[in-house]
Amino acid sequence: MLSRIIRRLTGRSPSVVDARQPLGPAPVAAPPEAVRKVDIYAEHAKWMALAGERRFGEAISLCRTVIDVPESNFVASLFLGHAYAQMQQHADAREYLRAAVALNGNDYYANLLLAHTESAMGHSGEALSLYMRCCELPVESIVEPFEAAMRMAMARADSGEGAALSRLFDMLYAKDKLPLPLALKFLFFWRRDADLARMLEQMDEGADERQKPSFRRIRSVKDWALENGEGYQSLGAPPSIRLVAPTEVYASDPHEQHVLASQPYLAELRNARIVSASSLVYVGDDCVVSDVLADELYGKQVSLAYDKTVLAQRPDALLLAPIGTTAHLDEGIMLSGLASNAYGHWFAEFLPKLRHFEKHPRFSSLPIIVDAEMPASHFDFIAALVGNPLYRLEAGHALNVGRLHVAPTTTFFPVELFRDHTVPPERQASWSAESMQYIKDKMAARYPLPAQRSRRLFLSRKNSAWRLLRNEAEIIERLQDLGFESIFLEEYDFARQVRTFGEAEFIVAPNGSALNSLIFAATDVKALILGQQNSFNWGGWLGPILDLGFKPEFMEGEATESTSFKHSDYVVPADRVRTKVLAMLGS
């Protein structure tokens, strides 16, 4: 960035420059006897070389050694501001960046770096003004400062600052300074819906609608179905789910509560459209149905950051990417969606829907729509539960379905929540004993338990990307003489996974989605689950597991990151694990 600044300085091309003389439109002459000639280009290259190696302290010292009064020199001030900002010394960074802006007030990068620094210091008003000023300076692209200003003002779009940014948007858009995706997002977040609709209509008017972004309102399945005469059948009252906090002493000191599951239903949506790896259903001209987003209590706190079809999200609507290639299917059951490739979601969010779909009188003849990019074991799992034909929706493709059958998740089941959410743990995706029993009975019929169940297993998470048991190797070593073997379930095909659990006498495992498969074991299996102090929503797993007759035990470790971070790595003392295992064995 700084090398580009030097090239952009106008009217300053000599190879030797007075180091104390500011470079900019209004240079200040120094007395002849005080002039010390410095090749600013060569010196700057040295600073940048050190900064490139992240040796910012050395770069700062060298700059201050060469330039006697850096705050009177534009290049030096700008470099020092940048270097201090990289070191998170924001007060020092602000001092030098303010000097740089004072020396050359129309310099884009000086203003941008100062805006970033003011933002880092929590000075939102100053930062917003600077970002907006950057947008009016002569520079090739103003995307970065406009996006930053938009993020900063979004929460107060109705304020004077929001109105000022709206006026700036109109000016920039008229001058063709904003790319179309950014313009669409601005209109979306500023709720200028009429302008947004017109802009979408004007986009390549001859193009197919599948090639355009779309603006759609969020509706629940029930509301849409009842208002539009679609098929909607209630399947009775929602069951109560038992939640038990998974502490080390829960058996003697249980912390129990109950929550209601989702209202069970079957719905048939006509002329619906779905997209691979997304749980959204496009209906009508301008709506999308999603029970999780439409949830009255917590839908506004659900993030669709991982859904690649979503360009922007607000509580009542979505801005969606072009759909692209679209095929047609006359009728089908929807079992595709966001995170269907993740074992925990496939097991707990998607497959339990089958118990509702089976109540449809023509269930066995209906094709089930699934995402083609799922692991092979997922296809084996569903084939072990039902015999329906599968329609594999390829990645990046969409599907128009004449009659799309949908059913709810067991509970409110978000894939991701916003960082500052207030959703209590008991409302963050639970199982139910009913849904667990459905899968357990189906699998038991296909894979009966063996007569001998003597294997002692440690379910390794070493290959996982998060929530790692940091001292896993040490724990395994301490359990080996007790007959425990470390296994990697992700390396097994589905049938072998089920058989492995069925053969188990004792299972030790870090908490993770593999523990859903505990229901494939005998109910008298000994199970010790290791985790960090905060159990998050595991109470919605333990309660139903207890209702099925299992009695796992828990051991709490220490998180290596924040205890409020669900996927933090953690450590459990190996000696404590061994002592607990021996006690459970009765040794």
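Visitor: How many aromatic pairs does the structure hold?

Guide: Happy to start there: this predicted model holds 23 aromatic pairs.

Visitor: Why is the pair of Phe 188 and Phe 189 called edge-to-face?

Guide: The ring centres of Phe 188 and Phe 189 are 5.2 Å apart, and their planes meet at 75°. Centres within 6.5 Å make a pair, and planes over 60 degrees apart count as edge-to-face, so this pair is edge-to-face.

Visitor: What makes Phe 188 buried?

Guide: Phe 188 has a relative accessible area of 0%. The cut-off is under 20%, so Phe 188 counts as buried.

Visitor: And how do you know whether Phe 189 is buried or exposed?

Guide: By the same cut-off of under 20%: Phe 189 has a relative accessible area of 19%, so Phe 189 is buried.

Visitor: Why is the pair of Phe 188 and Phe 215 described as edge-to-face?

Guide: Here the centres lie 6.0 Å apart and the planes stand at 80°. With limits of within 6.5 Å for the centres and over 60 degrees for the planes, the rings of Phe 188 and Phe 215 are an edge-to-face pair.

Visitor: What makes this a link between distant parts of the chain?

Guide: Phe 188 belongs to helix H10 (residues 180-189) and Phe 215 to strand E3 (residues 214-219), with the two residues 27 apart. Both Phe 188 and Phe 215 are buried.

Visitor: Which residue lies over the face of Phe 188?

Guide: That is Arg 314, at 4.8 Å from the ring centre. The distance limit for a charge over a ring is within 6 Å, and Arg 314 meets it at 4.8 Å. Elsewhere, Arg 392 has its charged end over the ring of Phe 379, 3.8 Å from the centre.

Visitor: Which residues form an aromatic cluster?

Guide: Tyr 343, Phe 347, Phe 381, Trp 431, Phe 494 and Phe 520 form one.

Visitor: What can you tell me about the chain as a whole?

Guide: The chain has 587 residues, 52% of them buried, and contains 21 helices and 22 strands. Its C-alpha atoms fill a box of roughly 100 × 65 × 35 Å along the principal axes. Among contacts with a separation of 6 or more, 68% come from residues 24 or more positions apart.

Visitor: And how are the charges placed?

Guide: There are 62 positive and 73 negative side chains, and the centres of these two sets lie 1 Å apart.

Key. Residues are numbered from 1 along each chain as its sequence is written. This is a predicted model: local features need pLDDT of at least 70, side-chain atom pairs count only at pLDDT 80 or more; totals for chains, interfaces and linings use all residues. Side-chain values use heavy atoms; hydrogens and water are left out. Rings of Phe, Tyr and Trp (its six-membered ring) pair if their centres lie within 6.5 Å; planes under 30 degrees apart count as stacked, over 60 as edge-to-face and the rest as tilted. Buried means under 20% relative accessible area, exposed over 50%, partly exposed in between (1.4 Å probe, protein chains only). Helices (H or I, at least four residues) and strands (E, at least two) are DSSP runs, numbered from the N terminus. A charge sits over a ring if NZ of Lys or CZ of Arg is within 6 Å of the ring centre and within 35 degrees of the ring normal. Contact means heavy atoms within 4.5 Å. Lys and Arg count as positive and Asp and Glu as negative; His and the chain ends are not counted. The place of a charge is taken as NZ of Lys, CZ of Arg, CG of Asp or CD of Glu.
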